Amino acid sequence: MKYISEYRDRQVIDRLAGQIASFRDTKAVFMEVCGTHTMSIHRFDIPSLLPAGLRLLSGPGCPVCVTPVGYMDHAIALARQGKHIIATFGDLVRVPGSTSTLEKARAEGADVRTVYSITEALELARTHPGRKVIFLAIGFETTAPATAAGVLQAQKEQLRNFCILSAHKVMPPALEMLASEGVKIDGYLCPGHVSVITGEEIYRFIPRKYGVGCVIAGFEPADILLAILLLLKQVTDGKPRVENAYKRAVRKEGNPKAREMMESVFRPVDTEWRGLGMVKKSGLVLREEFASMDAAGQIRVMVEPPVEPQGCICGQILKGIAAPSDCPLFGKMCHPGNPVGACMVSSEGTCQNAFKFQSDG
Amino acid sequence: MDELIMMAHGSGGKKMHELIRNLFVKYFRNPFLESGGDAAVVPPEPGHIAFTTDSYVVDPLFFPGGDIGKLAVSGTINDLAVSGAAPRYISAGFIIEEGFPVKDLESVVRSMAGTAKQAGVQIVAGDTKVVNKGKCDRLFVNTSGVGIISEKHTHIATADHVKAGDQVIISGYVGDHGMAVLSQREGFPVKTGLKSDCTPLNDLIGKVLERFDHVHFMRDPTRGGVATALCELAEGRQFGVLIKEPAIPVREEVMGLSEMFGFDPLYVPCEGRVLIVADQSVSQGILHTLHGHPDGENAAVIGEITTGNWGKVVLETIAGGRRIIHMLTGEQLPRIC
């Protein structure tokens with residue numbers, strides 16, 4: 001298939017893996033900060049193609065995983081009020097809050113609907129004019145523009161029963177936090193989807209300020225191997241910089257129109273990331289003129305105090321300082337059938353991938 | 001006949017008898033059913049008896065390549081056929097929501113009759129219940145089936161003859177049914193030309209068993225897909241299964257949808273495919289036989305049984321890595337069959 005099969009070509013993959021193998025004396029740790037990268041790396045068992053000195057870490061790149069437990073509690077509390085329709089991406093339904101999940105709330109009678117996009121949530125609002133439709137808006141720069149477009153559309157149509165509960169986040173402040181906190185990383189595999197919107201510019205400060213290289217990567221095996229090869233070259237040259245290994249999708253300037261739309265609807269605020277804590281200017285909330293669509297501000301609800309799951313080390317895993325196998329719950333009490341932490345719930349989560357796609361190597 | 005199913009159609013009274021006569025007997029038509037007894041009485045046959053049951057709640061009821069009726073008959077026939085049995089008789093139970101259009105029920109019944117006829121199987125017993133509006137979703141169907149297994153094929157269902165070196169064959173493209181049904185759901189954002197692979201496989205399987213000994217195991221990869229079927233085969237056994245990703249036939253559209261929505265085609269249900277594990281000496285012959293049948297044109301050898309990795313299924317990825325395949329956890333695709 002065009003744009004897939006070429007990048008899964010065994011000859012291309014073998015050639016790249018061969019070039020990477022010539023760096024067998026280089027010791028390096030690279031971090032990917034995108035859930036789709038996490039999935040691809042495990043699904044194709046990329047680590048088995050790499051020399052022993054090279055380690056790949058998963059960072060806070062899965063939007064579901066970095067969503068704090070308090071957000072889930074808030075969404076569950078809104079669902080339990082009974083009168084609203086909660087429209088959500090499927091992954092969030094099973095994410096544990098402090099004492100429940102949206103899935104359990106649904107079984108108890110709450111109206112929780114799975115949607116593929118905000119467009120479907122808007123349609124729900126049109127067809128259920130008597131009820132509030134609350135869209136659980138999560139994701140990075142990849143999905144925030146779509147939410148912004150949905151909000152503008154709702155405003156245009158005067159859909160007064162539509163609102164969002166925003167947990168949108170932006171990536172650069174989290175990358176900076178990890179680099180500044182001294183998590184030992186020699187290079188970032190930068191998220192392809194996010195970069196389609198942001199362009200290359202947002203990563204410039206990382207090599208400049210922290211001496212860590214950044215390569216924007218696509219999601220097929222050949223894409224990922226190419227990005228790893230470029231990072232290895234940067235490490236051995238001692239010249240960290242921003243490179244784009246996903247030029248078929250990412251333009252240098254990104255997508256300015258999408259960014260403008262995002263900026264016109266959202267404003268940055270300090271926000272909590274599961275695992276990282278408060279990260280300055282990393283959250284997106286609706287601007288004042290859209291306050292009527294902000295579920296957090298508009299709907300009064302009692303939310304239980306957040307309780308993190310006992311023994312779960314999702315936080316450390318998201319920071320790259322622990323591996324799933326370091327967690328006492330991993331594969332025992334916590335597995336995809338009974339996820340304790342968010343990293344096991346999401347198909348993009350580090351733990352679920354480590355569990356599902358166990359290497360035979 | 002009435003236009004809509006009403007509670008009275010399930011009451012045991014006049015309306016129910018009308019429905020049975022004008023719909024079920026009319027289409028299913030055979031002496032065992034028409035005798036009208038509480039149980040169908042069928043003649044004995046030599047061999048072992050295979051007996052199976054399955055319920056169908058697919059949503060939507062009608063989809064490209066099939067409907068709940070064709071699915072319900074094919075599914076039970078296939079459960080018998082992959083056990084090495086020749087399917088003979090089927091029962092059909094209907095749970096119908098009040099208000100369901102009679103013409104839709106007729107379409108389903110007609111499709112069941114057609115599928116059974118094609119497969120040479122008779123629908124000899126049935127039951128109808130009607131529940132209040134909102135108490136079930138339009139129509140659920142249960143089918144049970146009886147088939148006959150000859151002595152020399154009793155090992156197929158137990159997999160006891162499977163051994164290292166055996167080849168793993170799939171009879172066609174993986175994941176068509178699941179993706180075809182999913183893409184018909186209300187609100188699904190992508191339109192495709194995909195058709196379900198749903199079909200009775202007893203003719204195809206019969207031809208293979210007729211021509212070749214040394215078929216060691218068969219399974220139809222329905223819920224949980226090929227991955228789960230192979231995990232069930234390997235679980236607790238003193239052999240492993242190795243499958244090769246590039247060898248697995250997956251349509252471009254199924255691959256594309258899977259990429260887009262985060263599914264793995266290996267876990268997407270098929271309703272007209274069979275996994276065959278057979279001795280290496282006959283695997284090419286079986287492949288040839290499959291290729292000569294309309295339901296097996298795209299069959300491929302996708303892997304083999306290994307001495308190592310006891311109890312495990314290992315996938316060699318297109319990139320050359322190897323990872324362990326697990327059973328499906330949770331629901332990847334609800335109400336697909």
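## Cysteines of chain A

The model is predicted: local features require pLDDT of at least 70 and side-chain atom pairs pLDDT 80 or more, whereas totals for chains, interfaces and linings use all residues. Residues are numbered from 1 along each chain as its sequence is written, chains are lettered from A in the order in which they are written, and side-chain values use heavy atoms, without hydrogens or water.

## The disulfide

Over all chains, the search finds one disulfide (a pair of cysteine sulfur atoms within 2.5 Å). This bond joins A:C62 to A:C65, with an S to S distance of 2.5 Å; the link is right-handed, with 75° about the S-S bond. Both A:C62 and A:C65 are buried. A:C334, by contrast, is in no disulfide, the nearest cysteine sulfur being that of A:C351, 6.2 Å away. A:C334 is also buried, at 8% relative accessible area.

## Interface of chains A and B

The contact (heavy atoms within 4.5 Å) involves 24 residues of chain A and 23 of chain B. Two salt bridges cross the interface (a side-chain nitrogen of Lys or Arg within 4 Å of a carboxyl oxygen of Asp or Glu). A:R43 and B:E259 form a salt bridge through their side chains, at 3.3 Å from N to O.

Methods. Buried < 20%, exposed > 50% of the residue type's maximum accessible area, 1.4 Å probe, protein only.
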